[in-house]
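Here is a protein model to read step by step. Look at the chain first, then try each question before reading on.

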Amino acid sequence: MQASFRAARAHLVLVSICLLGAGRGFAAATNGDIGAPGADERAFAAEVAREGGPPEADVLATLAGAKVQQSILDAIARPAEATRTWRDYAPIFLTDKRIDDGVAFYRANRELLERVGKEYGVAPEIIVAIIGVETSYGAITGKYRVLDALATLAFHYPPRAKFFRGELKQLFLLGDAHLAYPIDALRGSYAGAMGWGQFMPTSVAKWAKDEDGDGRIDLWGSLPDITASIAHYFAEHGWQAGQPVAVRAQPAADARVLPDPGLDPVYPLQQMEAWGYAPLEKIDADTPSTLLRLDGDLGVEYWLVFGNFRAITRYNKSPLYAMAVFQLAQAIARGAGEP
């Protein structure tokens, strides 16, 4: 029945292509149907089919149902972290409510979180904090159809069209059978990120896990799939069990100025201490580290950050994001009774 429907829909799309002419591109109207496919879209559909995805006609039929969203283009042009400092950013995520909700989530799912954390070698509170920062523990997973978001950005946002065409292609390659819901029913962020952990399609393909063993990946309704996918992502991006994330540092009056040390932990901690940045907690002197400066409420904060901090920035490259996840995780662990 579904195959017959797809075939009929594909037939209508192909008829439309013939009537409108092969050279016409997608309509540029805001908040409207994508329109009749042009050369780029037909080439895209052919590429998807060649790489093992749905037939070209089915891809075109699905794309024909996508809608251009001007609000998506507006949102992508003003990323949230672009102009914020730590004193602006921290109050958004380190609220009493987000901490309390995280503690409640941890306590309600302790057995699952600790099992998954042990399986993948990732601290359970980090898994919870990611869910808390990304979607307020599943309460805000995105209002856009993923198809609309990726098609809008793939064909109407030239600065990053290549990236989003790759994500759109991966969405088709995942297919309805791999995901928990049909492609045109998935909802997510303005950039096409999905589920409680906000995975892009390529992240789903590479790192998402069917932890509950039901034969599909459900990043909206299966806590085992959600938590294991996040944990697996961290395990594959350098998280080291039992290692530190970040620690405040007290700079000496004559501390060496490091204009742009970067986020890669390339300096042994003892070197940072020799340069005048003393950690306020005891950390092994050989631990690779680097220096992070943040503009806090009381002035500049100096932090020594380590490999696990770098792993958080693999999830989102902003150091503000990574620090929010780290501090939220600490608060959740304290509240949930973890050491």
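Predicted model: local features only at pLDDT ≥ 70, side-chain atom pairs only at ≥ 80, totals over all residues.

Q: Is Glu134 buried, partly exposed or exposed?
A: The relative accessible area of Glu134 is 23%. Buried means under 20%, and exposed means over 50%. The value for Glu134 falls in between, so Glu134 is partly exposed.

Q: Which residues is Glu134 in contact with, leaving aside its neighbours within four places in sequence?
A: Contact here means heavy atoms within 4.5 Å. With the sequence neighbours set aside, a list of contacts remains for Glu134. The list is Ile140, Trp196, Gly197, Gln198, Tyr315 and Tyr321.

Q: How are the axes of helix 7 and helix 8 placed: roughly parallel, roughly antiparallel, roughly perpendicular or oblique?
A: Helix 7 covers residues 110-120, and its axis comes within 8 Å of the axis of helix 8. The two axes cross at roughly 115°. That makes the arrangement of helix 7 to helix 8 roughly perpendicular.

Q: By class, which residues does the contact of helix 7 with helix 8 have?
A: Helix 7 brings Leu113, Glu114, Val116 and Gly117. They meet Pro124, Ile127 and Val128 in helix 8. Gly counts as polar and Glu as charged. By class, the contact has 5 nonpolar, 1 polar and 1 charged residues.

Q: How many bridges pair strand 6 with strand 7?
A: Strand 6 covers residues 288-296, and strand 7 covers residues 299-305. A hairpin joins strand 6 to strand 7 through 2 residues. Within the pair, Thr290 stands opposite Val305, and Leu291 stands opposite Leu304. The strands run in the antiparallel sense, and the number of bridges is 7.

Q: In strand 7, which residue is the bridge partner of Arg248?
A: Strand 3 covers residues 246-251 and pairs with strand 7. The sense is antiparallel, over 3 bridges. The bridge partner of Arg248 in strand 7 is Trp303.

Notes:
Residues numbered from 1 in each chain as written. Heavy atoms only, no water. Buried < 20%, exposed > 50% of the residue type's maximum accessible area, 1.4 Å probe, protein only. Pairing = 2+ DSSP bridges. Helix = DSSP H or I, 4+ residues; strand = E, 2+ residues; numbered from the N terminus. Axes fitted to C-alpha atoms, helices over the stretch in contact; angles between N-to-C directions. Parallel < 35°, antiparallel > 145°, perpendicular 65-115°, else oblique.
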